[in-house]
Amino acid sequence: PLRPGNRFSRSTVRERESATFMLFLRQSFSSLLRNTRTSSGRIATPLSSLPKVAAARLFSSAAITLSEEEKAILNSPREEMEFDVLIVGGGPAGLSSAIRLKQLQPDLNVCLIEKGAELGAHTLSGACIETHALAELIPDRKEKGAPIHTLATHDEFRFLTSTMSIRLPTPPQMHNVGRNYIVSLGAVVAWLGEQANAVGVEVFSGFSGSEVLYNDDGSVCGVALNDSGIGQDGRPKD
């Protein structure tokens, strides 16, 4: 299942992290003070022997106090959404897989999540691509407006130094002239997203996975999404 993140995060985890952090600081300073001698030759008092209130006051900003209402909101149950196939990542491979699955089984319930606000937002821009696989996936790509227009017309393979470049023979696998296209990969990904939506893939942009979910036997069963609606102080926003 896909478990959307709570609108608010889980306070118990944050409180446990704060307590662990406080314990780490206390132990670290205790160790430091045990190994530090004063000018009179006496060992300085370890932090662990100080009153607990005084020790906590030193790091009072490390923890937050939540009201019962806030705790109830932060610990609210997560919703779950069931899909036949869940694909994490809206790059060329993820989108192509989603499209192909729907082509093979139109009734399959396929979902794809992408952390970027929109498809292509986190994709490197420039690329020189070989289009045979895309032609097999979407034979009428030209009629559907694929942003693939610029055919490579010249190849150079160079070794760069700090002051000059030396031209080398172009490796056979890097011959692009006349067969490969120079594209904006971000634009290609955005277009693939349109094709995925057209065949019925459910695309959720702006959602990143925070943890993998497992069955009791150790097999993967889904992904939990990041929480949202949390302030910098760890409190729920209005």
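Reply: Side chains of opposite charge can pair when their charged atoms come close. Here the side chains of Asp140 and Lys144 meet in a salt bridge, at 3.7 Å from N to O, where a salt bridge is a side-chain nitrogen of Lys or Arg within 4 Å of a carboxyl oxygen of Asp or Glu. This is a predicted model, in which local features need pLDDT of at least 70 and side-chain atom pairs count only at pLDDT 80 or more, while totals for chains, interfaces and linings use all residues. Residues are numbered from 1 along each chain as its sequence is written, and side-chain values use heavy atoms, with hydrogens and water left out.

Me: How many salt bridges does the rule give, and which residues do they join into one network?

Reply: The count comes to 3 salt bridges. Glu156 and Arg158 meet through their side chains at 2.6 Å, N to O, and Glu156 also forms a salt bridge with Arg167, where the closest N and O atoms are 3.9 Å apart. Through shared partners, salt bridges join Glu156, Arg158 and Arg167 into one network. Each member is partly exposed: Glu156 at 41%, Arg158 at 38% and Arg167 at 46%.

Me: How should I read a helix such as α6, and which of its residues are buried?

Reply: Helices (H or I, at least four residues) and strands (E, at least two) are DSSP runs, numbered from the N terminus, and the expected span of a helix is 1.5 Å times one less than its number of residues. Helix α6 (residues 185-198) has 14 residues and reaches 20 Å from first to last C-alpha, close to the 20 Å expected. Its buried residues are Leu185, Gly186, Val188, Val189, Trp191, Leu192, Gly193, Gln195 and Ala196. Their cover includes α4 (92-104), β4 (126-130), α5 (132-137), β8 (180-184) and β9 (202-205). Just after α6, Gly200 takes a positive phi of about 105°.

Me: What lines the largest pocket?

Reply: Rolling a probe the size of a water molecule over the atoms shows where empty space is left. On a 1 Å grid over the protein atoms alone, a cavity is a set of points where a 1.4 Å probe fits but cannot get out, whereas a pocket is an open set with protein on both sides within 12 Å along at least five of seven lines, and lining residues have an atom within 4 Å of a point. The lining of the largest pocket includes Pro92, Ser96, Ile129, Glu130, Leu134, Leu137, Leu185, Val188 and Leu192, and the elements that give two or more residues to this lining are α4, β4, α5 and α6.

Me: How many disulfides are there?

Reply: With a disulfide taken as a pair of cysteine sulfur atoms within 2.5 Å, the count comes to 0.

How values were computed
Buried means under 20% relative accessible area, exposed over 50%, partly exposed in between (1.4 Å probe, protein chains only). Contact means heavy atoms within 4.5 Å.
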